[in-house]
Amino acid sequence: MDEELLNADEIQGNILAGFNKDHQVFLFLRMQRDPASITAIRAWLRAISPQISSLSEVHRFNELFREMRARLAHDPMGFAATWLNIAFSASALEALTSAGEVAQFSDSFFRDGLATRAGDLRDPADPTHEGHPNNWVVGGPKNEADILLIVASDRPNALAERVTQLKAMLSQTVDPVTGVAPGNALTVIWEQAGETLPQPLTGHEHFGFKDGISQPGVRGLVRREPPEPVTKRLIDPEKFPQTDPLLPEFAQPGQPLVWPGQFVFGYKRQNRNDARNPPAAPNDIMMSCPEWGRNGSYLVLRRLRQDVPAFRTFMRAEAERLRSKPGFSGMTAERLASLLTGRWPSGAPLMRAATQDDPKLARNRFANNFFQYVENSPGPFALKPDVAHDADDFALSRRDKKGVTCPLAAHVRKVNPRDTVTEQGRSQDTLTRMILRRGIPFGPTCPGELETTALEMSSSETELKAQRGLIFLCYQTSIENQFAFLQRNWANHESNPSSGGGEDPLIGAGAEANGRHRFVEIRSVENTAETLNLPADWVVATGGGFFFSPSISAIHDVLGRTVS
Amino acid sequence: MLLPRFDPPAFLEDFTTVDQRKGWSKLVSDFFDEGVAFNDGFEGVTSQFYHPVNTDTTEPSAEALIDWPAFPKLVKDEFPDEAEKAWRKAEIGPQARERFMDEYLEWHVVRNQQNKITRVSFTCETTQYFGFLARTDKAKLLQLYKDLVNPAVKDQVKLEDLMPNNQYRPNNKWNTQHGAVHLIQVNNNLRAEVLIAAQSCILRQNENGSPITDAPTLIDCGVGGEAGRASDPKIVADVNSLARDQSSITLRNPVALYITRWDSDGLRKPDNSPVANYWKLVRGKPAPGPNKPAMGLHLVYEVPASEGFVVGDIKSGNRTIDFGGQLAEHINVGLFGVVCREGQSNNPLFRCGEQPASHLPLPAAAALAGELPPLRGRRK
């Protein structure tokens with residue numbers, strides 16, 4: 001295999017491999033910027049850099065975990081890891097290096113910071129709104145985080161222990177020259193826990209839908225001898241050679257391979273006009289950052305509060321309204337919510353399960369993500385003989401240009417339009433927009449369920465209104481052209497990427513901005529259409545940040561450098 | 001039902017006589033005739049592209065919005081990580097507009113003495129329309145120019161500048177240095193628009209007989225256009241896809257290019273509060289409702305004097321609006337198709353490079369204008 005060798009000891013582990021832990025804590029830190037504090041912080045960075053979990057470690061653990069789970073048919077007991085990654089805001093990098101160096105990060109979203117760019121994402125403009133950066137729990141203009149620590153573990157106890165340890169280390173940050181600990185050189189300004197939801201919602205987000213099903217595959221090797229790709233290739237190269245250069249090459253059904261430069265600096269990037277080959281030099285390597293940015297990545301974190309009761313109330317009321325409309329009799333809250341998501345709560349895609357949920361399909365990981373929107377799906381890809389799998393004998397997706405089977409603005413269709421020729425002129429361009437998502441829910445599950453109000457009626461106001469949602473994380477090498485593009489150009493747009501259909505009902509913002517409502521169009525098989533008026537955002541940003549996740553030696557040698 | 005005639009873009013009310021209305025309709029009609037003849041010229045083909053005045057639009061029919069981002073993709077792709085270089089290239093420098101603004105939207109920037117932008121005007125009107133006015137109503141031509149150029153100099157506009165030797169000159173100084181009254185980029189013309197849609201209706205096949213669905217390949221195969229833009233591949237992909245559905249396809253009346261959507265996301269006043277709506281649709285029709293595209297022809301971005309700051313003070317992130325292109329990034333441009341008779345066509349597929357057997361009729365009205373506008377071509 002002639003793909004690039006990734007520097008797996010340098011790249012932080014959450015980026016390309018993903019921690020995949022059920023228990024995580026995000027520590028948002030503020031740096032003091034006086035010279036003594038900076039010196040102490042640099043010492044702390046030198047001390048902590050060996051503790052940062054690398055791609056090499058996390059990848060190997062994940063592989064071994066999967067192998068054991070496949071053999072045991074359940075999670076291996078006692079096999080656990082606790083990971084740590086670190087990321088920095090542009091402002092923090094400036095304090096640790098210089099304005100001139102940070103100016104070499106070409107991404108203006110990163111340099112400007114999330115609070116400044118919230119309007120671009122259509123976060124609420126009303127300064128009294130919960131979602132306005134002024135009111136964020138972290139990441140607003142007055143409480144911007146300089147450093148983010150991500151701690152993740154399979155074991156809650158190990159996680160708690162590690163977090164305690166890290167906090168202790170913070171207060172021990174000591175100037176090596178003077179031997180003085182400048183008190184608050186680093187303070188935790190917000191501590192955010194994230195937890196996989198308990199059964200039956202494990203792996204789901206708070207609205208009830210299975211999350212994280214579709215991730216891009218990444219080209220590149222974590223090791224050359226023997227060659228080990230960072231993304232496993234499960235398609236049988238002999239039975240299914242994937243020779244059509246106009247189509248992406250898939251690692252597994254539904255998972256296109258994308259050049260690593262889209263996610264990590266210093267590597268070949270994906271071509272807007274070509275599914276297989278990077279752009280011609282000099283644009284072939286993504287390195288729009290200082291030299292020490294190599295092997296690093298931008299991290300977008302958004303603390304998204306989800307209003308579950310409002311979501312359910314809307315679905316029930318709207319389903320009832322729609323039942324009397326031609327083409328939509330029999331509408332249920334679950335079906336409506338699934339139409340707006342693009343998948344059923346189990347994760348089964350509408351494109352392969354048009355009228356009702358199909359948990360069997362959802363459990364078949366090779367069928368569950370194998371579909372497209374505009375043209376009829378080809379037959380299932382042949383997998384390598386050693387890949388254990390059930391046959392994919394589910395109905396293949398059939399062309400749905402008009403958005404009948406899956407609404408054009410359904411969430412999964414909006415952010416990954418697959419074979420659609422978008423407003424950019426090509427479906428291949430979509431591969432350059434992809435992000436690696438590493439989010440995790442937070443907060444207690446909401447009592448009750450989608451269809452009926454019974455359980456909610458007997459729940460307390462406190463339970464219903466508790467803070468819950470998603471700590472959304474994603475990695476990319478261009479916030480502007482990837483995360484922000486998906487949010488601004490597609491999710492928040494009335495017609496992009498499928499030339500119509502309205503805004504993304506789940507993450508599209510703007511219900512309050514300038515008094516605009518959001519609209520989504522759904523169509524029936526009888527060729528009727530209904531435009532739904534979505535008056536309130538069910539998903540509200542309440543914190544976050546744009547960060548840079550450097551290579552491990554950059555943390556030690558550049559950010560943590562000893563300066564005489 | 002049959003369309004009675006082609007109306008002026010966005011149902012503009014510039015025309016005052018029946019002759020003008022008929023003349024404009026004939027001008028557009030000729031392009032459709034050419035498009036139909038192109039298709040019929042292929043062996044065994046009954047054109048799926050149809051002339052809506054001559055051929056019925058039967059029910060069920062549907063409209064198809066085909067739109068794309070206004071900022072030129074070719075320029076953007078040259079500088080994937082340096083947005084400012086892209087903005088600069090598209091509009092600064094000799095003939096930047098004519099060379100680079102090739103997605104059917106062009107703009108003109110007015111700056112004040114501090115070199116700050118005070119006004120940006122965006123147009124997707126065509127030379128064909130203004131050339132037609134020059135032939136039929138010079139007074140209106142002059143009036144429109146005065147309305148659409150930099151207001152500071154509008155009283156200086158003279159008919160002789162627009163029509164030296166009584167011939168309309170599209171690249172006159174008022175439409176270049178002092179305004180963007182209509183499109184002048186050689187590929188941004190009405191004939192090109194109609195023909196690229198018409199030519200996309202020919203079905204093409206690979207050596208193995210399977211249909212070619214990839215727009216860049218279709219472009220190379222004979223549709224024309226430039227695969228590296230957003231507009232051409234988007235139009236070709238969407239129209240050819242409808243043709244592969246065996247549908248009949250035409251363009252929706254009134255036929256034109258349109259500014260379909262624009263927004264102010266992320267733009268902030270100097271005090272960091274979000275901007276108010278400083279977009280003014282000067283010509284064209286606004287969106288008929290939320291979640292619907294507009295039929296915009298001419299948009300101006302200018303801050304009212306009462307606000308106390310100018311466009312160049314508006315912030316996007318931590319920088320200011322220093323280029324019209326930054327605003328162009330908030331705009332979609334497009335056209336509208338009409339589709340009917342799905343599944344009823346049964347045309348053969350052709351190999352790459354095959355051309356119609358018979359000769360195309362050249363549009364008479366356009367020939368009258370002195371010059372036949374070219375079809376969509378590659379960037380030179």
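Trainee: Why are β7(B) and strand β10 of chain B said to pair?

Mentor: In this predicted model, β7(B) and β10(B), residues 315–316, share two bridges in the antiparallel sense. Pairing requires at least two bridges, so β7(B) and β10(B) count as paired.

Trainee: Which residue of β10(B) is the bridge partner of B:L267?

Mentor: The partner of B:L267 is B:S316.

Trainee: What makes β7 and β11 of chain B the edge strands?

Mentor: The sheet is open and has three strands in the order β7-β10-β11 (chain B), with antiparallel pairing. Strands β7 (267–268) and β11 (319–320) of chain B each pair on one side only.

Trainee: How is chain B divided into domains?

Mentor: Domain 1 covers 18–67 + 187–255 + 335–368, and domain 2 covers 82–185 + 264–326. Their centres, taken over C-alpha atoms, are separated by 30 Å.

Trainee: How do you know that residues of domain 1 of chain B are in contact with residues of domain 2 of chain B?

Mentor: The criterion is that C-beta atoms, placed from the backbone, lie within 7 Å. By that criterion, 13 residues of domain 1 of chain B are in contact with 13 residues of domain 2 of chain B.

Trainee: Which elements supply at least two residues each of the side of domain 1 of chain B that touches domain 2 of chain B?

Mentor: These are α1 (18–40) and β1 (61–69) of chain B. The most comes from α1(B), which gives four residues.

Trainee: What is the make-up of that side by class?

Mentor: The side of domain 1 of chain B that touches domain 2 of chain B has six polar, five nonpolar and two charged residues.

Notes:
Residues are numbered from 1 along each chain as its sequence is written. Chains are lettered from A and ligands numbered from 1 in the order in which they are written. This is a predicted model: local features need pLDDT of at least 70, side-chain atom pairs count only at pLDDT 80 or more; totals for chains, interfaces and linings use all residues. Domain bounds come from an automatic or database domain assignment. Two residues are in contact if their C-beta atoms, placed from the backbone, lie within 7 Å. Ala, Val, Leu, Ile, Met, Phe, Trp, Tyr, Cys and Pro count as nonpolar, Asp, Glu, Lys and Arg as charged, and the others, Gly among them, as polar.
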